[in-house]
There are 2 protein chains.
Amino acid sequence: MRREQTVSGASQAGRGRPPARGGSARGGGPGGGGRRRASHSLESVVSEAVALLDEAGEQGLTFRALAARLGTGVGSIYWYVASKDELLERAADQVLAGVLTQTTHLGGDEDPIDGIRQIAIAFYAATVNRPWLGSYFLQDTGTQINGLTLYDRMGRETMRLDLTPRQRFDAVSAVMAFVVGVAADRGQDPPQEVRDGTIDRDVFVASFRDQMRELGADDFPFLHHIADEFAAHDDAEQFRAGLDLLLAGIRQQAHR
Amino acid sequence: MRREQTVSGASQAGRGRPPARGGSARGGGPGGGGRRRASHSLESVVSEAVALLDEAGEQGLTFRALAARLGTGVGSIYWYVASKDELLERAADQVLAGVLTQTTHLGGDEDPIDGIRQIAIAFYAATVNRPWLGSYFLQDTGTQINGLTLYDRMGRETMRLDLTPRQRFDAVSAVMAFVVGVAADRGQDPPQEVRDGTIDRDVFVASFRDQMRELGADDFPFLHHIADEFAAHDDAEQFRAGLDLLLAGIRQQAHR
DNA sequence: GCACTCTATCGAACATCGTTCTAGCGTATG
DNA sequence: CATACGCTAGAACGATGTTCGATAGAGTGC
């Protein structure tokens with residue numbers, strides 16, 4: 001019995017909205033009998049939107065492109081969704097739902113901080129190759145039900161630590177902010193040529209490293225210092241390294 | 001002798017670009033002799049763009065709105081800027097430049113980690129009430145000269161800590177990602193009514209807290225647990241709290 | 001079977017945005 | 001005076017989000 005949109009209030013229901021049709025796993029295709037007109041569902045609309053976002057990025061999600069993919073007209077989409085913002089919210093929420101099902105078994109009996117770590121990593125994994133999520137995650141977190149659930153799940157781990165409510169609130173918010181910040185980074189770094197495959201990623205990174213070296217050890221000693229590390233680093237590893245720093249701070253605070 | 005755009009390569013110079021007119025502090029107004037036609041400058045264009053972004057947000061920055069503000073036509077803007085992306089990059093870079101001048105005196109003789117802290121706080125302060133920066137900060141960080149300078153300035157502090165180059169790289173990246181994550185959060189939380197001033201912020205927060213309580217202590221124990229903290233918290237304080245957790249982790253790593 | 005209602009589909013039409021194109025002004029240079 | 005070039009300016013184009021009205025299908029009452 002999960003409720004729908006308790007906190008949301010994102011839109012005031014422009015004309016009407018479908019009765020949310022229980023969890024029928026119908027999939028969404030017109031598959032049925034001999035219907036001539038296409039039949040859709042909120043699920044299929046959002047799912048195709050996510051697919052489109054994954055393939056072409058945020059600017060690739062167009063109402064017309066989505067309509068063509070669904071084999072329908074533009075107007076039909078507006079029956080299920082009041083605006084593009086709501087479409088993106090629902091898309092982000094659907095991905096969050098996936099993260100939730102992957103993390104249901106996590107946490108509980110082990111080290112609480114390790115539970116946070118695993119949830120955060122699962123969260124991060126969902127953002128990889130999904131740049132569009134970065135921008136909408138925290139917006140979603142505070143609004144939609146799945147975001148709140150994830151937030152709560154992580155927070156539940158902190159309740160087993162010796163911290164004040166305030167410290168728990170700050171800790172969970174910090175971890176969330178860190179994940180979103182990394183996600184925002186990932187999506188925006190490669191400047192088009194790399195994403196298209198026009199230029200190989202390694203070549204780009206190498207030339208970037210050379211440019212970092214050219215900046216000179218005098219004016220930019222740190223960049224010069226880490227040029228090699230930059231060229232060799234792995235994003236996922238760096239994420240875990242930063243996360244562990246944050247978690248070490250939390251652990252230290254709890255042991256005091 | 002600072003160089004211009006060594007690493008950038010953002011645009012291939014559509015038709016031509018002004019000779020960057022040295023650091024003349026002219027401001028940008030047509031002020032001069034008896035010119036009849038309006039005269040602009042890259043500085044004035046970017047400055048007005050920042051002002052427009054601050055007032056109306058990212059969606060408020062329109063080429064037409066910007067042109068009207070400058071008292072010119074749309075086409076004129078394209079003489080200074082090749083695309084809206086470049087305009088946003090330059091806007092973000094200008095704000096970064098402001099952060100840099102405010103942090104020049106920081107770091108050096110005190111505790112290195114405290115230097116990082118102060119730079120990060122100044123960085124954060126620039127993002128307050130500037131939601132549009134969150135999305136473009138890291139893109140800018142890796143591309144424009146001011147972003148690299150800020151990155152380097154923070155990294156220089158880590159070089160005085162007993163860490164490997166890799167650990168320094170990870171630490172600075174983590175702090176940057178955290179700041180951006182918090183910034184992305186700040187900008188997207190208030191859902192329109194609050195930003196317009198239609199609803200008082202306190203009223204909104206209070207009703208949100210009540211909704212968090214309604215979610216129930218059974219399904220969302222953590223949200224129930226921190227409902228009061230949420231209503232009473234201050235964003236800047238929470239940022240510092242999270243930052244200190246991260247810095248504590250870095251300090252611990254350096255002392256090992 | 002028939003009229004009627006409600007849900008849902010669909011595409012034309014509109015406003016707005018980023019961007020391009022071309023005409024032309026004004027200044028400097030010969 | 002004539003020519004070249006830096007820069008201004010707005011009309012025009014294609015794409016996008018959104019609205020609106022027409023209409024088909026399924027269910028309902030008689």
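This is a predicted model: local features need pLDDT of at least 70, side-chain atom pairs count only at pLDDT 80 or more; totals for chains, interfaces and linings use all residues.
Of the residues of chain B, B:Gly181 comes closest to the rotation axis, its C-alpha lying at 1.8 Å. Chain B can be laid on chain A with an RMSD of 0.2 Å, by a turn of 180° and a shift of 0.0 Å along the axis. The two copies are thus related as by a two-fold rotation axis.

The next step is to look at how the chains touch. The contact takes 60 residues from chain B and 60 residues from chain A, and since 100% of the interface residues of chain B are also interface residues in chain A, the copies meet through the same surface. The size of an interface is often given as the accessible area that is lost when the parts come together. For chain B and chain A this buried area comes to about 5400 Å², and 66% of it is on carbon and sulfur atoms.

Polar groups also take part in this contact. Across the interface of chain B and chain A there are 14 residue pairs in polar contact, with both residues at pLDDT 80 or more. On the side of chain B that touches chain A, the elements giving two or more residues are α6 (131-141), α7 (145-158), α8 (165-188), α10 (201-214), α11 (221-232) and α12 (235-254) of chain B. Of these, α8(B) gives the most, with 17 residues. Taken by kind, the residues on this side of chain B divide into 30 nonpolar, 18 polar and twelve charged.

Side chains of opposite charge can pair when their charged atoms come close. Across the interface of chain B and chain A, two salt bridges are found; in one pairing, the side chains of A:Glu237 and B:Arg166 meet with N to O at 3.2 Å.

Which side chain meets that of A:Glu86 in a salt bridge? The partner is A:Arg90, with a distance of 2.1 Å from N to O. Being four residues apart in helix α4 (residues 84-103) of chain A, A:Glu86 and A:Arg90 are separated by about one helical turn. Is A:Glu86 buried or exposed? With a relative accessible area of 5%, A:Glu86 is buried, and A:Arg90 is buried as well, with a relative accessible area of 14%.

A:Asp111 forms a salt bridge with A:Arg251, the closest N and O atoms being 2.1 Å apart. Here A:Asp111 sits in the loop between α4 and α5 (112-127) of chain A, while A:Arg251 belongs to helix α12 (residues 235-254) of chain A, 140 residues apart. A:Asp111 is partly exposed at a relative accessible area of 31%, and A:Arg251 counts as partly exposed at 32%.

Helix α12 of chain A also holds A:Asp244, whose partner A:Arg117 lies in helix α5 of chain A, 127 residues apart. The side chains of A:Asp244 and A:Arg117 meet in a salt bridge of 2.7 Å, N to O. At 33% relative accessibility, A:Asp244 counts as partly exposed, and A:Arg117, with a relative accessible area of 24%, is partly exposed too.

Finally, salt bridges can be followed through several residues in turn, for A:Arg209, A:Asp210, A:Arg213 and A:Asp228 are linked in a network of them.

How values were computed
Residues are numbered from 1 along each chain as its sequence is written. Chains are lettered from A and ligands numbered from 1 in the order in which they are written. Side-chain values use heavy atoms; hydrogens and water are left out. Copies are superposed by least squares on the C-alpha atoms of residues with pLDDT of at least 70 in both. Contact means heavy atoms within 4.5 Å. Buried area is the accessible area (1.4 Å probe) that two parts lose on being put together, summed over both. A salt bridge is a side-chain nitrogen of Lys or Arg within 4 Å of a carboxyl oxygen of Asp or Glu. A polar contact is a pair of N or O atoms within 3.5 Å; within protein, one must be able to donate a hydrogen and the other to accept it, and residues adjacent in sequence count only if both atoms are side-chain atoms. Ala, Val, Leu, Ile, Met, Phe, Trp, Tyr, Cys and Pro count as nonpolar, Asp, Glu, Lys and Arg as charged, and the others, Gly among them, as polar. Buried means under 20% relative accessible area, exposed over 50%, partly exposed in between (1.4 Å probe, protein chains only).
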